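Hi,

Here is the structure I promised to pass along. Have a look at it first, and my notes on what turned up follow below.

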Amino acid sequence: MTLLNGRTAVITGGAQGIGLAIAQLFVAQGARVVLGDIDGEAAAKAAESLDGEAVGVACDVTKGSDVDNLLAAAPSPVDVFVNNAGITRDATMRTMTEDDFDQVIDVHLKGTWNGTRKAAAIMRERKSGSIVNLSSLSGKVGMVGQTNYSAAKAGIVGLTKAAAKEMAHHGVRVNAIQPGLIRTAMTEAMPQKAWDQKMAEIPMRRAGEVGEIASVALFLASDLSSYMTGTVLEVTGGRFM
Ligand code: NAD
């Protein structure tokens, strides 16, 4: 299948996990990809591992100039931009530091704002493009120990909808995905007790796999979703529906 044939896709946080799975699927669908990651070496290695045209670039999404450089590394103007980079700094409010709060807001919220506004500026000139933002179920329901992350991920929903309204008449679509519990390095760092508690909340009784987020990202990136903008798709196995 070639849903992204000839298109250029930029994916932040693309060195591993969900971002890398998205890159693998996009390449398989004919896209050229640029992986941006704060770990530039890992991004380059990940790009090499892909079976197609791919480059890996060091990029800290909290810095606007890094995101400019990431977009400049693309072989042609960007058609698809995925704001995927993320971190967690979990702690209850009693113990969370101001730095833990600021870092999480910076990477997710400011990072997504940087990616969205800079990709949109290029896409509007060509009157086409799709931006896909990674929110989280935490942004819908709020999770204990994640006042920083839940706020950032809820903020991404507002950002997505506002940007979608600004960009719709320019032919640029902006949508978000809210994954539930997906098996990656981010979630495998969780204590077993927390993992088990989350599993008990999932009607489908299993965690999701990275490919199950990638396929929804492909849907939003491609013309299959040509009449969708400002939407938030939950990919959660039915958790907190
Ligand atoms: P991950 O930790 O495996 O990968 C995140 C990547 O982002 C890493 O390669 C990391 O180096 C990179 N990164 C971190 N800070 C960065 C920065 N400032 N600039 C650029 N890159 C940076 O995480 P993942 O599980 O693959 O998560 C990907 C996205 O999906 C995140 O936004 C996460 O919040 C979201 N998400 C994940 C889950 C889950 O269960 N795994 C659930 C909901 C949402």
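**What I found**

Helix α1 (residues 17–28) lies across β1, β2, β4 (80–83) and β5 (129–134), and α1 runs at about 170° to β1. (Contact means heavy atoms within 4.5 Å; angles run from 0 to 180 degrees between N-to-C directions, with axes fitted to C-alpha atoms, for helices over the stretch in contact. Helices are DSSP runs of H or I with at least four residues, strands are runs of E with at least two, and both are numbered from the N terminus.)

Before going on, a word on the source: this is a predicted model, where local features need pLDDT of at least 70 and side-chain atom pairs count only at pLDDT 80 or more, while totals for chains, interfaces and linings use all residues. Residues are numbered from 1 along each chain as its sequence is written, and side-chain values use heavy atoms, leaving out hydrogens and water.

**The sheet**

Seven strands form an open sheet in the order β3-β2-β1-β4-β5-β6-β7, with parallel pairing (two strands pair if DSSP finds at least two bridges between them). At the edges are β3 (54–58) and β7 (232–235), each pairing on one side only. From one strand to the next, the twist averages 20°. Five bridges join β1 (residues 8–12) to β2 (residues 32–37) in the parallel sense, and Ile11 stands opposite Leu35 in β2. Helix α9 (residues 210–221) lies across β4, β5, β6 (172–179) and β7, at about 165° to β6. Overall, the protein has nine helices and seven strands.

**Salt bridges**

There are eight salt bridges (a side-chain nitrogen of Lys or Arg within 4 Å of a carboxyl oxygen of Asp or Glu). One of them joins Asp79 and Arg126, with the closest N and O atoms 3.1 Å apart. Asp79 sits in the loop between α3 (64–72) and β4 and Arg126 in helix α4 (residues 98–126), so this pair ties together parts 47 residues apart in sequence.

Another links Arg239 with Glu201, at 2.9 Å between the closest N and O atoms. Because Arg239 lies in the segment after β7 and Glu201 in the loop between α8 (192–200) and α9, the pair ties together parts 38 residues apart in sequence. Arg239 is buried at 2% relative accessibility, whereas Glu201 is partly exposed at 34%. (Buried means under 20% relative accessible area, exposed over 50%, partly exposed in between, with a 1.4 Å probe and protein chains only.)

Happy browsing!
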